[in-house]
Amino acid sequence: MNSSTCRHIWTITKKELRSYFSTPLAWVLIVVFLLLSQGFAFLFGGLLEYQNASLAAFFLYVPWIFMVFAPAVGMRLWSEEHRLGTMELLMTMPISPWHAIMGKFLAAAVIVFVSLFLTFPVLITINWLGDPDNGIAFAGYIGAFLVGITFLAVTGVISALTRSMVVSFIVALFLCLGMIMSGWPIVVASIDGWIPGLGQKLAQLSVLTHYNELTKGILVSSDILFFASVIGFCLYLTAVILKTKRA
Amino acid sequence: MITVENLSKHFGPKVAVDNISFEVKKGEVLGFLGPNGAGKSTTMRMVTGYLPPTEGKISVGGADVVDSPIAAKAKIGYLPENAPLYTELTVQGFLNFIGELRGLSGAELDKAVNRSMDLCHLQGVRHQSVDTLSKGFRHRTCFAQALIHDPEVLIMDEPTDGLDPNQKHEVRGLIRRMGEEKAIIFSTHILEEVEAACSRAIIISGGSVVANGTPDQLKSKAKGSGSIRFQLAGIPATTAKSDLEALNSIGSLSVDREEENTLRGVAFPNSGQSARASEEIFNYVSSKNGLLQELAVVEGRLDDVFREITSSDTEASSSAA
Ligand SMILES: Nc1ncnc2c1ncn2[C@@H]1O[C@H](COP(=O)(O)OP(=O)(O)O)[C@@H](O)[C@H]1O
Ligand SMILES: [Mg+2]
């Protein structure tokens with residue numbers, strides 16, 4: 001990547017972040033994320049009693065929270081451009097569509113990163129009170145971040161398709177739900193009962209399967225590769241959709 | 001500066017632009033005239049690289065829009081139809097964003113943003129959020145966006161749409177002034193705009209160019225253009241009438257008023273002989289010691305040309321629809 005590519009991407013990212021924080025939406029989403037994730041950890045993990053258990057509970061529920069959170073963050077990425085008609089401005093600037101796609105994705109990823117980062121006080125508290133396995137926690141955070149931005153990439157594809165934020169939110173939410181459920185043991189077992197072997201195959205495409213590996217504390221490159229390829233595919237699909245919509 | 005060759009655009013079975021060719025040089029302002037749905041916006045979207053053409057070649061400042069879009073887009077300032085804007089940004093924030101995408105930074109960016117805000121009278125609202133602006137200011141903000149990098153080529157889709165008469169007047173003046181050192185295309189369906197700001201105009205209808213010329217050339221295509229309105233006195237009307245009809249340059253005569261010593265009417269010269277005919281009428285009247293009370297060459301009205309050229313077409317398309 002040369003310097004002008006970086007500069008264009010950063011220009012887009014900055015502008016998107018400014019848009020996010022110029023309305024209460026981003027703040028509200030981050031606060032709700034923190035309340036939910038910590039609430040679940042407290043309720044089901046008994047945060048103060050079993051430190052490791054509470055972190056485990058936090059990581060257990062994070063994909064489910066991201067299933068709602070990521071579509072809410074990502075729904076406006078392209079729908080808003082369609083709705084305002086600004087696509088015509090953006091796509092007649094002397095930049096490649098890739099700069100816009102990357103810049104927007106990065107801005108949304110920053111929101112996910114900030115949300116996860118703000119749960120750090122909890123980690124510090126747990127470390128102060130006891131002796132958790134920080135390696136596992138670190139791997140868990142990496143996994144959670146990857147799930148979050150994968151859902152963002154999926155949401156980006158849907159929002160490139162429609163000018164309605166509501167539609168892109170709902171459709172993206174269901175897709176994310178599907179990507180979790182296909183790795184859920186009960187679902188896997190019942191699909192396997194129906195067509196033997198299919199459940200296991202589908203489970204390989206589930207974020208949950210790969211995320212679970214990561215939260216065990218093992219950073220396996222194949223799991224990371226899985227997330228990277230889903231994200232890459234979604235960004236590519238976004239580019240194709242944007243191009244076809246213009247033709 | 002802008003060369004368009006055999007450009008076409010199909011949307012499925014619909015032909016929105018059908019084999020259009022034209023050229024705009026530096027220092028020219030080309031007006032795109034045409035009824036709604038004629039294909040003006042579609043053509044401009046292809047020239048600016050937003051829509052891929054179905055067929056044809058477009059080059060802007062030597063760069064092919066399809067093959068080297070980034071080089072071509074860098075030379076163009078574009079004001080899309082309806083002046084779209086990012087509503088969550090402030091005026092200055094928006095212009096900064098566009099300026100940065102245009103490759104400006106630091107002091108250069110500040111200077112460019114200030115210059116375009118001055119040109120469009122936006123200094124008073126620079127810190128205001130775009131969604132709180134009135135329509136006129138929104139429009140100017142998008143206009144300022146198109147000027148920020150002082151482009152060689154300026155393309156504007158209905159730049160005066162939705163403005164009040166004073167603002168319209170101002171924008172036309174701005175276009176005319178900028179046209180001296182840029183190549184400009186703007187579309188409109190307001191005819192006086194063409195006369196006020198264009199050095200050349202193209203009339204588009206049903207996706208094709210139906211007329212192309214200076215505003216004066218276009219006007220001369222109007223029915224009745226170049227005919228001569230006259231009123232004379234002091235010569236017996238019947239004599240005057242037959243004498244005028246006998247003049248070489250005059251094809252026919254239509255008389256409105258015929259009194260004892262007064263004749264009033266319109267003379268239709270043979271083609272291209274308008275000036276000669278008025279000279280002959282003048283000489284005739286003075287040779288008879290008559291009094292010429294009125295002598296004027298009738299200018300065609302762009303309205304009439306526009307209607308004549310495009311009306312058959314709109315009827316055809318509306319009956320088809
Ligand atoms: N994206 C599109 N898909 C299908 N038809 C279109 C599209 N854009 C424009 N058209 C059609 O192409 C024709 C020309 O439209 P347009 O260029 O907007 O006209 P103008 O700007 O002269 O009013 C219209 O009949 C319009 O309906
Ligand atoms: Mg139009």
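Select Ser274(B) to begin: at 18% relative accessibility this residue counts as buried, a word that here means under 20% relative accessible area, with exposed meaning over 50% and partly exposed in between, using a 1.4 Å probe and protein chains only. Ser274(B) belongs to helix H10 of chain B, residues 274-287, where helices (H or I, at least four residues) and strands (E, at least two) are DSSP runs numbered from the N terminus. If you set aside its neighbours within four places in sequence, Ser274(B) is in contact with Gly226(B), Ile228(B), Pro269(B) and Val297(B), contact meaning heavy atoms within 4.5 Å.

Before going further, note that this is a predicted model, in which local features need pLDDT of at least 70 and side-chain atom pairs count only at pLDDT 80 or more, while totals for chains, interfaces and linings use all residues. Residues are numbered from 1 along each chain as its sequence is written, chains are lettered from A and ligands numbered from 1 in the order in which they are written, and side-chain values use heavy atoms, with hydrogens and water left out.

Next, select helix H3(B). Of its 11 residues, 11 are buried, so this helix is largely enclosed by the rest of the structure. Among the buried residues are Phe94(B), Asn96(B), Phe97(B) and Glu100(B). To see what covers them, show H1 and helix H5 (87-90) of chain A together with helix H4 (106-119) and helix H5 (135-147) of chain B, which are included in the cover. Following H3(B) you will find Gly103(B), whose phi is positive, near 90 degrees.

Within H3, which spans residues 91-101 of chain B, pick out Gln92(B). Gln92(B) counts as buried because its relative accessibility is 18%. Apart from neighbours within four places in sequence, the contacts of Gln92(B) are Val113(B), Arg126(B) and His127(B). The C-alpha atom of Gln92(B) is separated by 8.2 Å from that of Gln128(B), although the two residues are 36 apart along the chain.

Now move to chain A and select Lys15(A), which has its place in helix H1, residues 3-22. Is Lys15(A) buried or exposed? With 4% relative accessibility, Lys15(A) counts as buried. Neighbours within four places in sequence aside, Lys15(A) is in contact with Glu81(A) and also with Tyr86(B), Leu89(B) and Phe97(B).

Return to chain B and select ligand 1. Which residues surround ligand 1? They are Phe11(B), Lys14(B), Ala16(B), Pro35(B), Asn36(B), Gly37(B), Ala38(B), Gly39(B), Lys40(B), Ser41(B) and Thr42(B), a residue being near a molecule if one of its heavy atoms lies within 4 Å of it. A polar side-chain atom of Ser41(B) lies 2.7 Å from an oxygen atom of ligand 1, and a backbone N or O atom of Gly37(B) is likewise 2.7 Å from a ligand oxygen. The elements giving two or more residues to this shell are strand S2 (14-24) and helix H1 (40-47) of chain B, and H1(B) gives the most, with three residues.

Finally, colour chain B by pLDDT, the predictor's confidence in each residue, from 0 to 100. Chain B averages 89, and 96% of the residues score at least 70. Over residues 314-321 of chain B, however, the pLDDT is below 50, and this stretch has one contact in the model beyond near neighbours in sequence. Where pLDDT is low, the predicted coordinates should not be read in detail.

Technical notes: A polar contact is a pair of N or O atoms within 3.5 Å; within protein, one must be able to donate a hydrogen and the other to accept it, and residues adjacent in sequence count only if both atoms are side-chain atoms.
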